[in-house]
Amino acid sequence: MPEPGLTTARHDAAFDLKAHIRSVPDFPKPGILFYDISTLLRDGPAWKAAMAQLATVVRPHRPKLLAGIESRGFLLAAPLALELGLGFIMLRKARKLPGPTIGHDYALEYGTDRIEMQADAVAPGDRVVILDDLLATGGTMAAGVQLLRNAGAEVPLAAAMIELAFLKGRERLDVPVETLVSYDS
């Protein structure tokens, strides 16, 4: 039975999350259409439905840990880890984490970037599902997968709330990919 105040539709796996994601034209620069999850985050029942859908996607992969990619990936991975009784680790830009870190450099369209995690975040053989809010070109997600593997982790799944399918980011990943909503433009 649904909790008081929640409609049955919000517990349905087919709940339309797109109705709660705002499109912002020309952000962060002209010609870009930004898909903003802040409208979803501030709607408690819709946010709960999104987390339930992610839990349904992630649970069968039996992870020990969830890794969130800075920074909006933290908004997904941390509460989902809590819900599933799992640990949570942060994958961050260079020099943002205290203590010893390990990192992975990766190519951007113009230049390079680096993603890091604390050196003791995973043990060899740990099953870690990696999450971000958005899968676009797949570069950062692929770098996160490689970083986790370099530390000895097994990565059974990459997941995101939103996929920009026209950018073909999932083609850069050599792990199964699950997303909750997809946009073709």
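Tutor: Along the sequence the protein chain runs β-β-α-α-β-α-β-β-β-β-α-β-β. Helices (H or I, at least four residues) and strands (E, at least two) are DSSP runs, numbered from the N terminus. This is a predicted model: local features need pLDDT of at least 70, side-chain atom pairs count only at pLDDT 80 or more, and totals for chains, interfaces and linings use all residues. Residues are numbered from 1 along each chain as its sequence is written, and side-chain values use heavy atoms, leaving out hydrogens and water.

Student: What does the pLDDT average for the protein chain?
Tutor: The average is 92, and 92% of the residues score at least 70. pLDDT is the predictor's confidence in each residue, from 0 to 100.

Student: Where is the pLDDT below 50?
Tutor: Over residues 1-11. Where pLDDT is low, the predicted coordinates should not be read in detail.

Student: New topic. What is the radius of gyration of the protein chain?
Tutor: 16 Å, which agrees with the value near 16 Å for a compact globule of 185 residues. The radius is taken over C-alpha atoms; the globule rule is 2.2 Å times the number of residues to the power 0.38.

Student: And how much counts as buried?
Tutor: 45% of the 185 residues, with buried meaning under 20% relative accessible area (1.4 Å probe, protein chains only).

Student: What does the C-alpha trace span?
Tutor: About 45 × 40 × 30 Å along the principal axes of the protein chain.

Methods
Contact means heavy atoms within 4.5 Å. Buried means under 20% relative accessible area, exposed over 50%, partly exposed in between (1.4 Å probe, protein chains only).
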